[in-house]
Amino acid sequence: MLEVISSADSEHVRRVALAIQYLGTHYYGWQRQPSHPSVQQTIEEAIAQICGKTTVIHSAGRTDTGVHAASQVAHFDTSSVIPPQKWAKVLNNYLPEDILICGSTEVASDWHARFSATWRRYRYTIYTASIPNLFVKQFSWHYYHDYLDEKLMRQALLHMLGEHDMAAFQRAGSSRPHSCLEVQEAQCWRDGDFVHVEVQASGFLYGMIRLLVGQLIDVGRSRLSVEDFTSRWQEKRRIEVKYAAPPQGLCLLAIGYADNPFTEFASRKQTLGLTNNQAISLI
């Protein structure tokens, strides 16, 4: 076990950015909860063990209960003598196996994981084979009841490109001041027994992707036309959006910044087919 270093050893405060992966299965989302384990709480407690003081971390986005992240980004301020680039290695010695710090670096004092981000990208994975597969169960929605036409689902998504009010896809309880955002990319494709839905936007509403996928399933099985799907969200008929896809199929895939603080990861964007060279994509 590494030696615990007190932040009192230095008065110079640095802002450290973290690139984080986690499996959301055993957590009640990113945000700290009063009586349930969260990813934020787990990392903050690890930092407290190292520094000997309470430290708050700020993320680029809040994932829900059971949702995974291939590339969450967060930052915190510290006066610890630990070099910023060493924080990833140090923290991984204190974290459980389902949370991994992939990189750490110093950023400017006015850089913010959430407010400096220009886009977020999520992927939802649906497993359509009739026979269950234990090795994908944790990362996909096993939907095999009807054939899904991914071409219809893709067509429905294309109407969402641009700046729109997406109130129809917002769960109750959101503190967001408005429901307008810019959808920058939207894709749906089949890869064998898997159907993937991927959306990149300037921001996302509370529960948006899971509600969206719940509607796309009806489009894919021809229970909801592309036209009705489109008019439903354009007219903000939230009452007709009745169910959400389960959480385990959803993954926060990448975060975009005008100035990527993790330049060593930028080349990995090619594996996801992303076009923005500022992507932080770790899978």
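## A hairpin to start with

Strands S8 and S9 run antiparallel and are joined by 8 bridges; strands count as paired if DSSP finds at least two bridges between them. Strands here (E, at least two residues) and helices (H or I, at least four) are DSSP runs, numbered from the N terminus. In this pairing, Glu185 stands opposite Gln200 in S9. The hairpin of S8 and S9 has 2 residues between the strands, and Gly192 takes a positive phi near 65 degrees there.

Before going further, please note that this is a predicted model, in which local features need pLDDT of at least 70, side-chain atom pairs count only at pLDDT 80 or more, and totals for chains, interfaces and linings use all residues. Residues are numbered from 1 along each chain as its sequence is written, and side-chain values use heavy atoms, with hydrogens and water left out.

## The chain as a whole

The protein chain has 5 helices and 11 strands. Of its 283 residues, 53% are buried; buried means under 20% relative accessible area, exposed means over 50%, and partly exposed lies in between (1.4 Å probe, protein chains only). Contact means heavy atoms within 4.5 Å. Among the contacts with a separation of 6 or more, 70% are between residues 24 or more positions apart.

Strand S9 (residues 194-201) has 7 of its 8 residues buried, so it is largely enclosed by the rest of the structure.

S10 pairs with S5 in the antiparallel sense over 7 bridges, with Leu252 in S10 as the bridge partner of Tyr122. S10 also pairs with strand S3 (residues 68-78), in the parallel sense and over 2 bridges. There, His68 has Cys251 in S10 as its bridge partner.

## Leu181 and its surroundings

Leu181 lies in strand S8 (residues 180-191). Its relative accessible area is 5%, so Leu181 is buried. Leu181 and Ala201 are 20 residues apart in sequence, while their C-alpha atoms are 7.0 Å apart in space. Leaving out residues up to four places away in sequence, Leu181 touches a set of residues including Gly162, His164, Arg176, Ala201, Phe204 and Met208.

## Aromatic rings and cysteines

The structure holds 8 aromatic pairs. Rings of Phe, Tyr and Trp (its six-membered ring) pair if their centres lie within 6.5 Å; planes under 30 degrees apart count as stacked, over 60 as edge-to-face and the rest as tilted. The rings of Tyr124 and Trp141 have centres 6.4 Å apart and planes at 90 degrees, so they form an edge-to-face pair. Because Tyr124 lies in strand S5 (residues 117-127) and Trp141 in strand S6 (residues 141-142), the pair ties together parts that are 17 residues apart in sequence.

What about disulfides, and how many does the structure hold? There are 0, a disulfide being a pair of cysteine sulfur atoms within 2.5 Å. Cys180 counts as partly exposed because its relative accessibility is 40%, whereas Cys188, at 2%, counts as buried.

Helix H5 (residues 226-234) has Val226, Phe229, Thr230, Ser231, Arg232 and Trp233 as its buried residues. Their cover includes helix H3 (150-158), strand S7 (162-165) and H4. Just after H5, Lys236 takes a positive phi of about 55 degrees. In helix H1 (residues 39-51) sits Gln40, which counts as buried because its relative accessibility is 10%.

The largest pocket has a volume of about 1,100 Å³ and is lined by 39 residues, of which Gly61, Arg62, Arg114, Phe204 and Tyr206 lie nearest its centre. Strand S2 (58-59), S5 and helix H4 (208-220) are the elements that give two or more residues to this lining, and H4 gives the most, with 3 residues. On a 1 Å grid over the protein atoms alone, a pocket is an open set of points where a 1.4 Å probe fits, with protein on both sides within 12 Å along at least five of seven lines; lining residues have an atom within 4 Å of a point. The volume is the space filled by probe spheres set on the points, and grid points are joined across faces, edges and corners.
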